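Hi everyone, thanks for coming. Please have a look at the sequence and the structure on the screen, and then I'll walk you through how the pieces pack together.

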Amino acid sequence: MSIMWWNGRVPVRGDRVGIIEMVGDVQKASQKLLGWNLGGPRWAQAVQACMEALEGRITPDEARDAFREAAAEQGMYLPNLAVSPQVTLQ
């Protein structure tokens, strides 16, 4: 399966103190969500959205939006570091 990239990156706290991860695809978002496993309504919606994106039922960008909401719910989202969809990272 190819990587399902979305537009922009979602900055979240990393697994170690001081580490920031820029999540830019459905597969990485799925891994992060399962690692948090704290539950919550937005977390559950994001897990479902990632599954639907992997199945081709919604776009990766829709999954990104759900992931961003879940990251905020979990206290993991770092909005001041958000990268707009128009910026390309190399």
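Let's begin with two helices, α1 and α2, which pass each other in a left-handed crossing. Left-handed here says that the near helix is turned anticlockwise from the far one by less than a right angle, while clockwise would be right-handed. Helices are DSSP runs of H or I with at least four residues, strands are runs of E with at least two, and both are numbered from the N terminus.

A quick word on where this comes from: it is a predicted model, where local features need pLDDT of at least 70, side-chain atom pairs count only at pLDDT 80 or more, and totals for chains, interfaces and linings use all residues. Residues are numbered from 1 along each chain as its sequence is written, and side-chain values use heavy atoms, with hydrogens and water left out.

So what is the overall layout? The protein has three helices and two strands, and from the N terminus they run β-β-α-α-α.

Back to our pair. Helix α1 covers residues 26-36 and helix α2 covers residues 41-54; their axes come within 10 Å and cross at roughly 150°. The axes are lines fitted to C-alpha atoms, for helices over the stretch in contact, and angles run from 0 to 180 degrees between N-to-C directions. That makes α1 roughly antiparallel to α2. For the cut-offs, under 35 degrees is roughly parallel, over 145 roughly antiparallel, 65 to 115 roughly perpendicular, and the rest oblique.

Who touches whom? On the α1 side we have V26, Q27, A29, S30, L33 and W36, and they meet W43, A46, V47, C50, A53 and L54 in α2. Contact means heavy atoms within 4.5 Å. These residues divide into 10 nonpolar, two polar and no charged. In this scheme Ala, Val, Leu, Ile, Met, Phe, Trp, Tyr, Cys and Pro are nonpolar, Asp, Glu, Lys and Arg are charged, and the others, Gly among them, are polar.

Now for the other partner of α2. Helices α2 and α3 pack at about 155°, with their axes 8 Å apart, and are therefore roughly antiparallel to each other. Their crossing is left-handed too. By class, this contact has 10 nonpolar, one polar and three charged residues.

Is A49 buried or exposed? A49 has 8% relative accessibility, so it counts as buried. Buried means under 20% relative accessible area, exposed over 50%, and partly exposed in between, using a 1.4 Å probe and protein chains only. Beyond its neighbours within four places in sequence, A49 is in contact with I58, A63 and A66. The C-alpha atoms of A49 and A66 are separated by 6.6 Å, although the two are 17 residues apart along the chain. P41, also in helix α2, counts as exposed because its relative accessibility is 58%.

Finally, the middle of things. The largest nonpolar core has 23 residues, of which W6, V12, V26, L33, W36, A63 and F67 touch the most other members. Such a core is a set of buried Ala, Val, Leu, Ile, Met, Phe, Trp, Tyr and Cys residues joined through side-chain atoms within 4.5 Å. Two or more residues each come from β1 (5-13), α1, α2 and α3 (60-73), and α2 gives the most, with six.
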